Amino acid sequence: MADVLSSLRSVMASYTPPLDALIVPSEDYHQSEYVSARDKRREFVSGFTGSAGLALITMNDARLWTDGRYFLQATQQLSKQWILMRIGEDPPVDTWMADNLQADAAIGVDPWCVSVDTAQRWERAFAKKQQKLVQTTTNLVDEVWKSRPPAEINPVAVHPIEFTGRSVGEKLKSLREKLKHEKAHGIIIATLDEVAWLYNIRGTDVSYCPVVHAFAIVTTNSAFIYVDKRKVSNEVSSYLEDNGIEVRDYTAVSSDVHLLASNQLDLGKATDADILKDIKIDGEVAEDINCSANIDLIWVDPGSCCYALYSKLNSGKVLLQQSPLALAKAIKNPVELDGLKKAHIRDGAAVVQYLVWLDKQMQEIYGASGYFLEVETSNKKNNLESKKLTEVSVSDKLESFRASKEHFRGLSFPTISSVGPNAAIMHYAPQVETCADLNPDNIYLFDSGAQYLDGTTDITRTVHFGQPSAHEKACYTAVLKGHIALDNARFPNGTNGHALDILARVPLWKDGLDYRHGTGHGIGSYLNVHEGPHLISFRPQARNVPLQASMTVTDEPGYYEDGSFGIRLENVLIVKEADTKFNFGDKGYLSFEHITWAPYQRKMIDLSLLMPDEVDWLNTYHSRCKDILAPFMSESEMAWLTKATEPIGV
C-alpha cells in the first residue's frame with residue numbers, strides 16, 4: 001500500500017499543474033454502487049473493500065471517508081498509512097479539503113468518476129480559498145495500477161416482454177412525453193440500470209447486477225446506445241434497430257454529447273413534427289400547442305451523469321433534474337409485480353431449505369441444541385476437522401439451494417454470512433482464508449439475495465442454534481417489533497421514507513439502542529438490488545421522493561454490538577393502496593404488502609415484550625408462510641417448516 005501511495009504521489013507531482021491532492025471515488029463512469037473489478041480504483045489504493053467510500057490522497061497523508069455501515073470494517077482493513085473519516089461524525093470531504101489544504105491548492109479528480117452534483121459542491125467549497133478542482137485528462141490510478149484487470153466482453157441479452165411487462169416503444173414514447181413537457185430535446189442517460197430498463201436489455205458486466213456498461217441518449221427524434229459493439233450479437237443488433245435504437249461505440253458518447261449540445265446529433269432524422277404528432281402533453285397533441293420551437297434543453301441527472309459529459313454542454317441549456325426513468329422504473333407494472341412475488345416465493349423456499357439443512361448440520365457436527373430447542377450445546381464436535389462449517393461454506397450451500405430454482409441467474413449481492421462478532425460488521429464479506437467457523441453458541445446472521453429473470457430478492461434472517469442470552473433475545477425482539485411496526489404502517493399519499501423511518505427505531509430507542517444504516521431501499525425487477533429514487537432513511541437530507549403505490553422497498557431494522565453480535569431482519573415490501581375507514585384531505589392512503597417468506601426464530605423472541613397485535617401479526621405471517629412455501633417442500637422440510645411456524649401465544 002505504501003508503494004501505491006508513493007507511486008501516485010509521484011504522478012501527482014509530475015502532473016500539469018502539479019496536484020496537491022487526488023480524489024479517488026468508489027464510482028465508475030456511471031456512478032454505480034457496485035462496479036466491475038477493473039473499476040475498483042478506491043479499493044486498489046486503500047485496501048478497503050466496502051461498496052461506499054471516497055479516498056483522498058495528499059502529499060502528506062491519505063484519508064478514507066465512509067458511512068456507518070462500514071466503520072468497523074474500514075478500521076480492520078485500512079493500513080497505518082490511512083486515516084478513517086467517519087461520515088456523520090467527521091467533517092465532510094469537501095469541508096475538510098477547503099479547511100486543511102493550502103490556498104490555491106490544485107485538487108485532481110477523474111471527471112468521468114464523479115457526478116455533476118458532487119463536482120459542483122466541491123467547486124463551491126474550494127472557491128472560498130481559491131482552490132481549484134482539476135479535471136484530470138486520464139485516471140491517475142490507472143497509471144500506477146499495473147495489474148488492473150482487463151475489460152471483459154460479455155454479451156448483451158434481450159429481456160423479454162413476458163418479464164418486463166412494457167415494450168421499448170411504450171417506454172420511449174413515455175420518456176419523450178416527459179422531454180417535451182420539460183421543453184428538452186434530449187436526455188443523457190448514464191445510470192446502467194436505467195439504460196437496461198429503458199431498452200429491455202440485460203448483461204453481466206458488473207457482478208451481481210445484470211447490467212451492461214452502456215450510455216444512452218434519447219432525443220425527440222432518435223435513440224442511441226453507446227456500448228462495446230463486440231458485446232452486441234446480430235440478433236440483439238436487429239432487436240435494437242427494430243426498436244429505433246442506433247448502436248454506437250461506447251467511446252463515441254463523448255463526441256455525440258458535443259453534437260447533442262450543438263443540435264447536430266439528429267441531422268437526417270425524423271423532424272420534431274413527425275414525433276410530436278404521436279405525443280400528448282396534458283391531454284393535448286404536442287404539435288398542436290406549438291412547443292417544438294421552444295424545446296432546446298438537454299436533460300441531465302446531476303446525481304448520476306458524470307462531470308466529464310456535463311462539461312461538454314452549454315450550462316445555460318441544461319435541465320439539471322433527476323432522471324424521469326428513476327421513478328418510472330421504481331413504479332413496477334403488474335407483470336413486474338407478479339414476477340417479483342413469484343421470485344420471492346421460490347427464494348423463500350430456498351432459504352427454508354437452507355435452514356433445515358443448516359439446523360441438521362449444526363446438531364450433527366457441533367452437538368448444538370438446534371433451531372428449536374434452547375439448551376446448552378453438548379460440544380461433541382463430531383469429525384470437526386473434516387466436516388466443520390464456515391461462513392463461506394454455508395453461504396455456498398445457500399447459493400446452491402437458490403441455483404436449483406427456476407429462472408435463477410446468480411446472486412444479487414455478495415452474501416453476508418456472519419457469526420458472532422462478524423455479524424456486528426454490517427456489510428461483512430467473508431473470505432475463504434479468514435472467515436470464521438460456525439459456532440452454536442453465537443448468533444448467525446445471513447443477508448442474501450438472488451437474481452431471477454422475473455425479479456430480484458433480498459432477505460435477512462438472524463438465528464441461534466444454541467442458547468441465546470436474555471440480552472440477545474431482548475435485542476432481537478426490539479428489532480422484530482420495529483420490523484413489524486413498519487410493515488403495519490398506513491400513511492397518506494405524499495409521505496416519504498424519512499417520515500416512516502422512526503417507526504422501525506422506536507422499539508430500539510426505548511432501550512437506548514439504534515443502528516447506523518437506513519431502514520429500507522427500493523429493489524429492482526431483475527436489476528440492481530439497491531434501487532432508488534425512494535428509500536426509508538433516518539437522514540433528513542435523503543432523497544425526498546414520496547412512496548407511491550407499486551413501488552418496492554425493504555424493511556430491515558437491526559442492532560449491532562461491536563465485538564459481540566449483530567441482528568437484522570429484512571423483508572421486501574410492495575407499496576399498495578390502503579383501505580381506510582376515512583380519507584382525510586382526500587389524499588388517499590397507502591400501506592405495505594410483504595412478499596418475502598421465511599420464518600422468524602421463535603426461541604430468539606422474548607414473548608413478554610410483544611403486544612397482542614404483534615403476536616397476531618407473527619402468527620398470521622407464519623401461517624401464510626407455511627401455506628405459500630408448502631408446494632416446494634419435501635416431507636421432512638415440511639415437517640420442519642410446520643414446527644417453525646406453529647402459532648405462539650403470550
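**Helix H1 and the enclosed spaces**

The buried residues of helix H1 are covered by elements that include strand E1 (21-25), helix H2 (41-46), strand E2 (54-58), strand E3 (62-66), strand E4 (82-86) and helix H6 (140-144), where contact means heavy atoms within 4.5 Å, and helices (H or I, at least four residues) and strands (E, at least two) are DSSP runs numbered from the N terminus. This is a predicted model, in which local features need pLDDT of at least 70 and side-chain atom pairs count only at pLDDT 80 or more, while totals for chains, interfaces and linings use all residues. Residues are numbered from 1 along each chain as its sequence is written, and side-chain values use heavy atoms, with hydrogens and water left out.

H1 itself runs over residues 2-14, and its 13 residues reach 19 Å from first C-alpha to last, close to the 18 Å expected at 1.5 Å a residue, the expected span being 1.5 Å times one less than the number of residues. Its buried residues (under 20% relative accessible area with a 1.4 Å probe, protein chains only; exposed is over 50%, partly exposed in between) are Val4, Leu5, Leu8, Arg9, Val11 and Met12. Seen down the axis of H1, these residues fall within an arc of 160°, so they line one face of the helix; the arc is that of the directions from the helix axis to the C-beta atoms. Asp3 and Ser14, on the other side of H1, are exposed.

On a 1 Å grid over the protein atoms alone, a cavity is a set of points where a 1.4 Å probe fits but cannot get out, a pocket is an open set with protein on both sides within 12 Å along at least five of seven lines, and lining residues have an atom within 4 Å of a point. The largest cavity has a volume of about 80 Å³, and E1 gives the largest share of its lining, four residues. Among the residues that line the largest cavity are Leu22, Ile23, Arg41, Asp110 and Leu140.

The second largest cavity holds about 40 Å³ of space, and strand E8 (residues 184-189) provides the largest share of its lining, three residues.

Turning to the open spaces, the second largest pocket contains about 270 Å³ and is lined by 19 residues, of which Gly203, Thr204, Pro210, Arg409 and Tyr526 lie nearest its centre. Strand E17 gives the most to the lining of this pocket, with three residues.

Notes:
Points joined across faces, edges and corners; volume = space filled by probe spheres on them.
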